Amino acid sequence: MRRCHRLRVVRLLKPPESARIWPNQSTPPQRSTVSQLAPLQSRLPAVGTTIFTVMSALAQEHRAVNLGQGFPDFGCDPSLLEGVTRAMHAGLNQYPPMTGVAALREAMADKVEALYGRRYDPATEITVTAGATQAILTVILAVVHPGDEVIVLEPCYDSYIPNIELAGGRVVRVPLVPGTFEPDFDRIAAALSPRTRAIIINSPHNPSGTTWSEAQMQRLEALLAPTNTLLISDEVYEHMVYDGQAHQSASRFAGLAERSFVVSSFGKTYHVTGWKVGTVMAPAALTAEFRKVHQFNVFTVNTPMQHALAEYLKRPEPYVNLPAFYQAKRDRFRTGLAHTRFKLLPCPGTYFQCVSYADISDLGEDAFCRWLTTEVGVAAIPLSAFYADGFDQGIVRFCFAKQDATLDKALERLAQI
Ligand SMILES: Cc1ncc(COP(=O)(O)O)c(C=O)c1O
């Protein structure tokens, strides 16, 4: 198979008859086809194909309901699309300012002030990014020097650890308490050292769905107060917090805000994960360093989307109503799962529902997810994918950002186990 592919490439590279210029030779000069390039030394040798890609391919192959990857299977508000079209037709298609479209930065400043009580200066403290993933990598490249330590709380989003490694930093992994996924402050305190450059937190939390309380944020604030440790606060699910709770943004806490890069994403909030637009908010001195790297990393983020988002952000209803929208989906899904043999873990935030399958199988998480996809027809993600050492606790993650019909179909299948 491989050889056939190579032959085809060689044939394609051969110039057409008319282009051959070997006037006095009966045979063309032979060029070596063996590459002289030494194999690349990987910057990220431990990274392979992600489980998300593997499970999605498996889901497609077996026509499974894909509750694995974390994105909606429904569209966004049509008025947001109209905003993009309007911006494009108005000629807003060239590079915007490196820091982002001013109207979007201003709209974010207003929103964050209204919600969390802190005013970030749009000129010096807010930068528009190509989604949260780029934002987090750029923060890390901007602040982490080789040998610096960065604390990550596992399970964690899969980009954090490779990002730290790319910067030459040392990853210090601290587990969230298995089962409850609460932060363990004694272990965080023990992990802090004079070399700790940053700690990354994520609330609401992917994959566990837990949220940090006000008391927990205050505890972190007190813990970091005597240190030189920066906080990277990944808040991409900030508008998916349920049961009347409030999101505890790092920007609400003066002692945290002064050392924080607060990362947000419009993709999650407005059902447009493929747009990849987000923001980083940080005090001016931190933002200045962030922008130095951002400038030579992406430079700018697509213009018409930024204008459309700036316009749309003026209306609070879409994000104010988002908790009720997703809470209804969460409740529908949980009610259905209660009639299965899965054990539900609490889900106070995000669009992820974790379940234990201890009563169903003693397979490892990876094998269980493959079985679930191929034999039951529902794709999920093993929690072990969010641990560097593949820690396996018999828990898998479903994504309920799906149409009700999709959820019902999955529930019907899960109920048969
Ligand atoms: C915790 C967390 N952070 C960051 C991201 C990436 O967000 P974006 O799509 O804006 O890059 C995700 C996406 O799944 C996520 O779950």
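This is a predicted model: local features need pLDDT of at least 70, side-chain atom pairs count only at pLDDT 80 or more; totals for chains, interfaces and linings use all residues.
Two strands pair if DSSP finds at least two bridges between them.

**The seven-stranded sheet**

S2 and strand S8 (residues 278-281) meet that criterion, pairing in the antiparallel sense over 4 bridges. Within this pairing, Val128 stands opposite Thr279 in S8. Both strands belong to an open sheet of 7 strands, ordered S2-S8-S7-S6-S5-S3-S4, and its pairing is mixed. At the edges are strand S2 (126-129) and strand S4 (170-175), each of which pairs on one side only. On average, neighbouring strands of this sheet are turned by 20° against each other, direction ignored.

A helix also lies over part of this sheet: H8 (residues 214-224) lies across strand S5 (196-202) and strand S6 (230-234), and runs at about 175° to S5. The loop between S5 and H8 is worth a look for its prolines. Pro204 is found in that loop, and a cis peptide bond with omega of about -10° joins Ser203 to Pro204.

**The four-stranded sheet**

Another open sheet has 4 strands in the order S9-S10-S13-S12, with antiparallel pairing. Strand S9 (343-344) and strand S12 (381-382) each have a single partner strand, so one side of each is left without a neighbour in the sheet. Strand S10 (residues 352-356) runs antiparallel to strand S13 (residues 395-399), and 5 bridges join them. One detail to find in the model is Gln353, whose bridge partner in S13 is Phe398.

Phe398 also takes part in an aromatic pair. Counting ring centres within 6.5 Å as a pair, the model has 20 aromatic pairs. In one of them, the ring centres of Phe333 and Phe398 are 5.7 Å apart and the planes stand at 90°, so this pair is edge-to-face. Because Phe333 lies in helix H14 (residues 322-337) and Phe398 in strand S13, the pair ties together parts that are 65 residues apart in sequence.

Two packed helices are described by the angle between their axes and the distance between the axes. Here are those values for two helix pairs.

| Helices | Angle | Axis distance |
|---|---|---|
| H2 (residues 51-61) and H15 (residues 365-376) | about 25° | 9 Å |
| H5 (residues 131-143) and H11 (residues 284-295) | about 115° | 8 Å |

From its angle, H5 is roughly perpendicular to H11. H5 passes H11 in a right-handed crossing. From H5, the residues Gln134, Ala135, Thr138, Val139, Leu141 and Ala142 meet Glu289, Phe290, Val293 and His294 of H11. By class, this contact of H5 with H11 holds 6 nonpolar, 3 polar and 1 charged residues.

How do H2 and H15 lie to each other, given what counts as roughly parallel? Angles under 35 degrees count as roughly parallel, and H2 and H15 pack at about 25°, so these two helices are roughly parallel to each other. The crossing of H2 and H15 is right-handed. H2 contributes Ile51, Val54, Met55, Leu58 and Ala59 to the contact, while H15 brings Asp366, Cys369, Arg370, Thr373 and Thr374. The contact of H2 with H15 divides into 6 nonpolar, 2 polar and 2 charged residues.

Arg63 has phi near 50°, a positive value in a residue other than glycine.

Note on methods: Residues are numbered from 1 along each chain as its sequence is written. Side-chain values use heavy atoms; hydrogens and water are left out. Axes are lines fitted to C-alpha atoms, for helices over the stretch in contact, and angles run from 0 to 180 degrees between N-to-C directions. Angles under 35 degrees count as roughly parallel, over 145 as roughly antiparallel, 65 to 115 as roughly perpendicular and the rest as oblique. A crossing is left-handed if the near helix is turned anticlockwise from the far one by less than a right angle, and right-handed if clockwise. Contact means heavy atoms within 4.5 Å. Ala, Val, Leu, Ile, Met, Phe, Trp, Tyr, Cys and Pro count as nonpolar, Asp, Glu, Lys and Arg as charged, and the others, Gly among them, as polar. Rings of Phe, Tyr and Trp (its six-membered ring) pair if their centres lie within 6.5 Å; planes under 30 degrees apart count as stacked, over 60 as edge-to-face and the rest as tilted.
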